[in-house]
Amino acid sequence: MSERSLLIVALAAGKGTRMKSAVPKVLHQVGGRSLLGHVLSAASAAGADKLAVVVGPGMEAVGVEAGRFVPGAATFVQERQLGTGDAVLAARAAIESHRGDVLVVLGDTPFLTTETLVKARRALAGDAGIAVVGFEARDPTGYGRLLQDGDGSILAIREEKEATDAERSIRLCNSGVIGFRSERMFEILSAIRNDNAKGEYYLTDAIEIGRSKGVRAVAVLGDETEMLGINDRAQLAAAERIFQDRRRADFMADGVTMIAPETVYVAYDTVIGRDVVIEPFVVLGPGVSIADNVHVKSFTYLVGKDAKSDKGIVLGDESEIGPFTRMRPGTTVGEGAHVGNFVELKNSTLGPGAKASHLAYLGDGRVGAKANIGAGTIFCNYDGYNKHVTEIGEGAFVGSNTSLVAPVRIGAGAYVGSGSVITRDVGPDALALERAKQEERPDWARKFRQVMARRKSAKS
């Protein structure tokens, strides 16, 4: 790969009106990551030193998202939507100050790969001043065609409506990704005119302009799916299917059993070890890491990163999860631990061999090794203003239908009687009970029914 500096110009100004959304198009997600995030992740791995993101008016959130992937990313606003050439020129300040390679990428192409960007850089390291990423389309209808001469140089990019019948038969199409050597880039871009039916500045005109100035353009081939752009919700759903199919196939090739893979959802950063069994209808959102020999049962929902936290979820070796389990950020399940049906964990740690088998909420808790959490147990972690921690010692036993009002500590080996509301610390190996004394009134129920029946009869 070239050792020259790399500037990425990401075009993200389109609002995506066909998405019917207040969210900018490039911030919609595939596999739990924004479309723009996928593109910038590939660009960063290709050696990007600097990033210029071109956005539309009122799209500040796009610049914030870009900064998550490339710290120090510069944002430029394309005030009017006058075509791709105009969009690139909106980043004029970044381009003029750069010396090295410049790759113009589209912010709505989540499958663009680092390998293809590296190919473009290699082409620029040779005798080419412009590198156009193209692909062989199964159906080229609607795409611009790459017209080449005998030595493989690109003569022009011809839009379909302007192409001859012979040119329309060409299957080598333009992806929209174009690389430049910075030395001549601004000179070429400045020569683009808007003398067309739409009155727009087309970046594709740079090929013929560059050729007239002695700058050679070459094609770099990528896969057709890699160039898939997202313009509406149907295309977004299609991209999600492609992403999921690929990721699931990779996991199964690496030793993961998915009983009904088409029903399992994974994310861009999901990690799954060997000999893991995942039953049908499981969602593994962003930030989930699963060790070896884990069994994840049906209808389990695990999301380790959300708008409030990115602490992640870790499932230890040989742990057993579900069915109907929910886990939120900051959850760690130790080796051999069990979390059963209708149990929710948030920012909690379950030690090795610990069990919470059913019907519990464990929020902001630390559960020691081999402790047992009974059905109906609640960690009362929130007082309306602040979150507080519940600590359960090793080998402790918490009986069913117990409320533990945090902050509170249950000592190692302690027992908490069923139905208790515990508000104070419990010492090691102690028994804690908090119940009203049971009272029984003989024959009360029969007399009650008789009284109520007479009252009902009198009303009728």
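The legends below describe close-up views of a predicted model. Local features are given where pLDDT is at least 70, and side-chain atom pairs count only at pLDDT 80 or more, while totals for chains, interfaces and linings use all residues. Residues are numbered from 1 along each chain as its sequence is written, and side-chain values use heavy atoms, with hydrogens and water left out.

**View 1. The largest nonpolar core and Leu315.** A nonpolar core is a set of buried Ala, Val, Leu, Ile, Met, Phe, Trp, Tyr and Cys residues joined through side-chain atoms within 4.5 Å; buried means under 20% relative accessible area, exposed over 50%, and partly exposed in between (1.4 Å probe, protein chains only). The largest such core has 44 residues, of which Ile278, Leu315 and Ile392 touch the most other members. Among the elements that give two or more residues to this core are strands S20 (313–315), S24 (338–346) and S26 (355–363); helices (H or I, at least four residues) and strands (E, at least two) are DSSP runs, numbered from the N terminus. Not counting residues up to four places away in sequence, Leu315 is in contact (heavy atoms within 4.5 Å) with residues including Ile290, Val294, Leu302, Ile321 and Val333. A second, separate core of 38 residues includes Leu40, Val53, Val55 and Ala137.

**View 2. An open parallel sheet.** Eight strands follow the order S14-S17-S20-S23-S25-S27-S30-S33 with parallel pairing; two strands pair if DSSP finds at least two bridges between them. S14 (271–272) and S33 stand at the edges with a single partner strand each, so one side of each has no neighbour in the sheet. Within the sheet, S25 (residues 349–350) and S27 (residues 365–367) pair over 2 bridges, and Leu350 stands opposite Val367.

**View 3. Strand S10 and its antiparallel partners.** Of the 10 residues in S10 (residues 172–181), 9 are buried. S10 pairs in the antiparallel sense with S6 (residues 101–106) over 4 bridges, where Val102 stands opposite Phe180. Another 6 bridges join S10 to S7 (residues 130–136), also antiparallel, and there Val132 stands opposite Ile178.

View 4. A salt bridge is a side-chain nitrogen of Lys or Arg within 4 Å of a carboxyl oxygen of Asp or Glu, and the whole structure holds 26 of them. The side chains of Arg121 and Asp101 meet at 3.2 Å, N to O. Arg121 lies in helix H5 (residues 114–125) and Asp101 in strand S6, so the pair ties together parts that are 20 residues apart in sequence. Arg121 counts as buried at 2% relative accessibility, as does Asp101 at 0%.

**View 5. A salt bridge between Arg328 and Glu344.** The closest N and O atoms of this pair are 2.7 Å apart. Arg328 is in the loop between S22 and S23 (331–333), and Glu344 is in S24, 16 residues apart. Arg328 is partly exposed, with a relative accessible area of 26%. Elsewhere, salt bridges that share partners join Arg4, Asp101, Arg121, Arg181 and Glu183 into one network.

**View 6. The loop residue Phe324.** Phe324 is placed in the loop between strand S21 (320–321) and strand S22 (325–327). With a relative accessible area of 38%, Phe324 is partly exposed.
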